[in-house]
Amino acid sequence: HPQRSVVTIHDLGYRFFPSAYRWGELLYLRLSTWFSARFSSHLLADSQATKQDLMVYLGVAEEKVTVVYPGVDEAFSPQVDPQRLAQVRARYGLPQDYLLHLGTVKRRKNLARLLTAYAKLWGEGLEVPLVVAGRADRLKSVLGGLPPHLRGGVDGVIFTGFLPEEDVPPLLQGATALVIPSLFEGFGLPALEAMACGTPVVAANTSSLPEVMGDAGVLVNPMSVE
């Protein structure tokens, strides 16, 4: 640790969802984040929401934190390559229209409520599949949080698993909408990437997401299946 340093702290998710981490990871995050907040010369945060968390939970002075918003790679744009989009659709077996959830499969992503809400819509006649894209390392625990009648599977849901980086922009460009009902996000980059592609976004009204979305998307209560 040099005498002077500037440290970026992306979020304090470990404080709100400790069960999402192995004990070694949790201990590391607690100690390293505290140390960085205490001994750095200055801190960078991805959002005002994270800055506020640093002030409230780690006692960091307001003037010690500067908010620097993440940017979006130029690959995320409304310009769709029809051939590339067709290849990606074929690779994952996707139809012309689909809803998309993009991110790691963790409890704070709120997938159990998303799948429960989607099952309700499917039962009412919705015929647009829900694509859940991302590393499914905790998929079993997520499905265990579903109502008993849905634990065997939810009709209309397609799990892609981990995506190669080059497949993400066309998948976002081709989506009918991105759905990101997370309980907590330090920033929520997929929402920004979707907006850069011109894709509509339905996001939770929690943590940093209202800050990222502004009035450009639909904000919902992530605790309510309805």
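Two strands count as paired here if DSSP finds at least two bridges between them. Helices (H or I, at least four residues) and strands (E, at least two) are DSSP runs, numbered from the N terminus. The model is a predicted one, with local features needing pLDDT of at least 70 and side-chain atom pairs counting only at pLDDT 80 or more, while totals for chains, interfaces and linings use all residues. Residues are numbered from 1 along each chain as its sequence is written, and side-chain values use heavy atoms, leaving out hydrogens and water.

By that pairing rule, S4 and S7 run parallel and are joined by 2 bridges; Leu100 has Leu178 in S7 as its bridge partner. On to S8: S7 and S8 also run parallel, with 3 bridges between them, and Ile180 sits opposite Ala203 in S8. Ala177 and Val179 point one way from S7, Leu178 and Ile180 point the other way, and all are buried (buried means under 20% relative accessible area, exposed over 50%, partly exposed in between, with a 1.4 Å probe and protein chains only).

Contact means heavy atoms within 4.5 Å. Setting aside neighbours within four places in sequence, the contacts of His101 include Lys109, Leu130, Val132, Leu178 and Ile180.

Helix H8 (residues 189-196) has its own set of buried residues, namely Pro190, Ala191, Leu192, Glu193 and Ala194. Among the elements covering them are strand S4 (99-102), strand S7 (177-180) and strand S8 (201-204), along with helices H7 (168-174) and H9 (209-213). After H8 comes Gly198, with a positive phi near 80 degrees.

Then there is an open sheet of 3 strands, in the order S1-S2-S3, with parallel pairing. Strands S1 (6-9) and S3 (65-67) stand at the edges with a single partner strand each, so one side of each has no neighbour in the sheet. From one strand to the next, the twist averages 30 degrees. Strand S2 (residues 42-45) pairs with S3 over 3 bridges, and Ala45 has Val67 as its bridge partner in S3. Helix H2 (residues 23-39) lies across S1 and S2, running at about 135 degrees to S1; axes are lines fitted to C-alpha atoms, for helices over the stretch in contact, and angles run from 0 to 180 degrees between N-to-C directions.

Finally, Val56 lies in helix H3 (residues 48-58) and counts as exposed at 52% relative accessibility.
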